[in-house]
Amino acid sequence: MARTAHDTLHGVIPLRTATLPRGHSVPVVNVPHRGVLPSTRAPGFVWRLTYADPVDLPSSPAGDLDDDALMRVGDLKALRDDFTHLMLRHRFGMEEVVTKLSILRDEFALMHASNPIENIVSRLKSPESLAEKLRRKGVEPSLEAIRSTITDIAGVRVTCSFVSDVYRVFDLLAGQHDITVLDVRDYIATPKPNGYRSHHALIEVPVYLSDGAVPVVVELQLRTIAMDFWASLEHKIHYKYRGAVPDDLAERLCDAADAAHELDTRMESLHQEVRHLGGDPVDDLPDDVRDDLGRPADAAPDELIARLQRLVRD
Ligand code: 0O2
């Protein structure tokens, strides 16, 4: 059956080495996307190969493939498995970092009067976004290129109320013995020209798999609520204009970034002032409210503690 320019063949395959069954060479278009590998019906990360010219192909995708074609299907499966493992490892690494941050947040919530962590979100980069980033960097898409070029496959973002909290949380995490800091980009100390502020770090965390520990790189972004508010609007605007934001809008965004920074500076100074008033601000609260704050929600009730003490005594 003759296929036309609009026909596609799915498979996980690096384009440059691909050939069609019966020796036709594969042309031009290469769009990574999620899909189902026809020969195995398994979901995965597949390349869609679009033919530039009509070619003669067997009507069934796996129907009358010769030995070479079947070997290539094996290669496709191996490549898909490698991609799945790569993403899985990054998911585990991301979850390790989220757990570490959640522990810090919960400890602060239960044991301290204030909590430096407002919110934690995480995401794995989608195949589409991986492909887009490779394209932006002018790199041929392949698994090796993803491994060597993309450092934010796994990303964790933390929002804090105050700038001092951003550095505090980073220091607490970076100080843990199994975390290695590979790179720090402090866009708070040195904002990007468009006004973007955030504290970025590439950290490596070990993930313990059945065959041993593997180090996984996770991109950590820490920023204040004001910085986050600005960045999410800027991201929407950037996306809407596909990167070509009109000059006057870009200028107003830059002004807004300065205003957000001004707000952060004022809030920080108020915060420091209250902290240095002497004593903990919690001390000024009514007794019952202070007692409530001082007692973790799931702490053992007095009665339980008394019973435990009796048990130890007896
Ligand atoms: P997404 O969809 O958020 O993941 P690199 O190759 O690492 O040198 P990269 O990745 O641009 O270059 O590094 P950088 O500058 O540290 O930025 C990494 C991430 O920070 C971006 O990821 C964004 O999430 C965020 N970011 C950086 N600059 C800006 C900005 O000007 N505005 C906004 N809103 N976010 C920014 P991605 O992959 O671009 O996007």
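## Around the ligand

Helix α5 gives the most to the shell around the ligand, with 3 residues. Helices (H or I, at least four residues) and strands (E, at least two) are DSSP runs, numbered from the N terminus. This is a predicted model, where local features need pLDDT of at least 70, side-chain atom pairs count only at pLDDT 80 or more, and totals for chains, interfaces and linings use all residues. Residues are numbered from 1 along each chain as its sequence is written.

Which residues come nearest to the ligand? Of the 14 residues around the ligand, these are Tyr196, His200, Ala231, Glu234 and His235. A residue counts as near a molecule or strand if its C-beta atom, placed from the backbone, lies within 6 Å of it. Two or more residues of the shell come from each of α2 (127–136) and α5 (225–240). Sorted by class, the shell holds 2 nonpolar, 6 polar and 6 charged residues. Here Ala, Val, Leu, Ile, Met, Phe, Trp, Tyr, Cys and Pro count as nonpolar, Asp, Glu, Lys and Arg as charged, and the others, Gly among them, as polar.

## How α5 meets α6

Let us follow α5 to another helix. The axes of α5 and α6 (residues 247–275) come within 9 Å and cross at roughly 170 degrees, which makes α5 roughly antiparallel to α6. Angles over 145 degrees count as roughly antiparallel, under 35 as roughly parallel, 65 to 115 as roughly perpendicular and the rest as oblique. Axes are lines fitted to C-alpha atoms, for helices over the stretch in contact, and angles run from 0 to 180 degrees between N-to-C directions.

On the α5 side, Ala226, Met227, Phe229, Trp230, Glu234 and Ile237 take part, meeting Leu249, Leu253, Ala256, Ala257, Ala260, Leu263 and Asp264 in α6. This contact has 11 nonpolar, no polar and 2 charged residues. Two residues are in contact if their C-beta atoms, placed from the backbone, lie within 7 Å.

## Two residues to look at

Ile225 also has its place in α5. Ile225 is partly exposed because 17 other C-beta atoms lie within 10 Å; the cut-offs are 20 or more for buried, 12 or fewer for exposed, and partly exposed in between, with C-beta atoms placed from the backbone. Not counting residues up to four places away in sequence, Ile225 touches Glu118, Thr159 and Ser161. Leaving aside neighbours within four places in sequence, Tyr187 is in contact with Lys192, Tyr196, Arg197, Ser198, His199 and His200.

## The whole chain

The chain has 8 helices and 10 strands. Of its 314 residues, 22% count as buried.
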